[in-house]
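Load the model in your viewer and keep the sequence panel open. The stops below are given in the order to select them.

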Amino acid sequence: MSGTGCAPRTPSWTPDSRLFQLPRLRAGSVGIAVTFFGMYALFYVNAQFLQYVKGYSPQQAGGAIVPLALGMMVFTKCGVRGAECVGEARTAGAGLALIAAGLLLLSTTNALTPYLLYMAFLLVMSAGAGLAMPTLSHAIVASLPAHRSGMGSGLQGAARELGAALGIAVVGTVLSVRLASSTGHGTAIATAFTEATALGYRIAAGVVMVVGTAVVTGLRTRGRVCG
């Protein structure tokens, strides 16, 4: 080991700050966090929007999100193949761009938006998540030696939880601030909710685009931690 310049090997469960010096591992972790940031920005308000603005029942609102889950399952296979064919950076970048685009498209919806159009916007987001998540997960795992694969799994879980919490926090704050200043009942409240949701989606899309640029840059860098 002394000839390679690497520090002595530590158990896989021992925290090692060197891991975070790996650009691809950092990029993968941040990418997963921002993916879940964008997705949970949608999850937090989607059911409320469908019920309060479009007048769906709870059952209808639940069924309306099913295409998103189905789309993610289908596009996950595309993500794996895309990473093999065109590289992780391009595949993850395309996925994050689609998530941002889906949020921007959803920000244009209102009570009059047909469900089929709304579903198409959801599928844009599902395509993005399907492309990004397996690619970013692989970037983390591939950056680590086999005996530290458990740490890679833990990093992914922490990144998902952090991203989801921030997505809910940001959109929830926008809704709270905008709705607190609104007055009226019925249609007026529905209009205020629609406007607040649109603003929250646009902010989330901006975050995904900005952070996504840094993620793509990091994924273009090769490197692996000493085993």
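**Largest pocket**

Start with the 13 residues lining the largest pocket; V30, A33, V34, L162 and L166 are the ones nearest its centre. A pocket here is an open set of points on a 1 Å grid over the protein atoms alone, where a 1.4 Å probe fits, with protein on both sides within 12 Å along at least five of seven lines; lining residues have an atom within 4 Å of a point. Two or more lining residues come from each of α1, α6 (149-180) and α7, and α6 gives the most, with 6 residues. The space amounts to about 160 Å³, as filled by probe spheres set on the points.

This is a predicted model: local features need pLDDT of at least 70 and side-chain atom pairs pLDDT 80 or more, while totals for chains, interfaces and linings use all residues. Residues are numbered from 1 along each chain as its sequence is written, and side-chain values use heavy atoms, without hydrogens and water.

**Helix α4**

Next select residues 88-106, helix α4. Helices are DSSP runs of H or I, at least four residues, numbered from the N terminus. Buried residues (under 20% relative accessible area, 1.4 Å probe, protein chains only) include L96, I99, A100 and L103.

**V208**

Finish at V208, which touches (heavy atoms within 4.5 Å) V34, F37, G38, L96, I99, A100 and L103, leaving out residues up to four places away in sequence.

Definitions and conventions. The expected span of a helix is 1.5 Å times one less than its number of residues. Buried means under 20% relative accessible area, exposed over 50%, partly exposed in between (1.4 Å probe, protein chains only).
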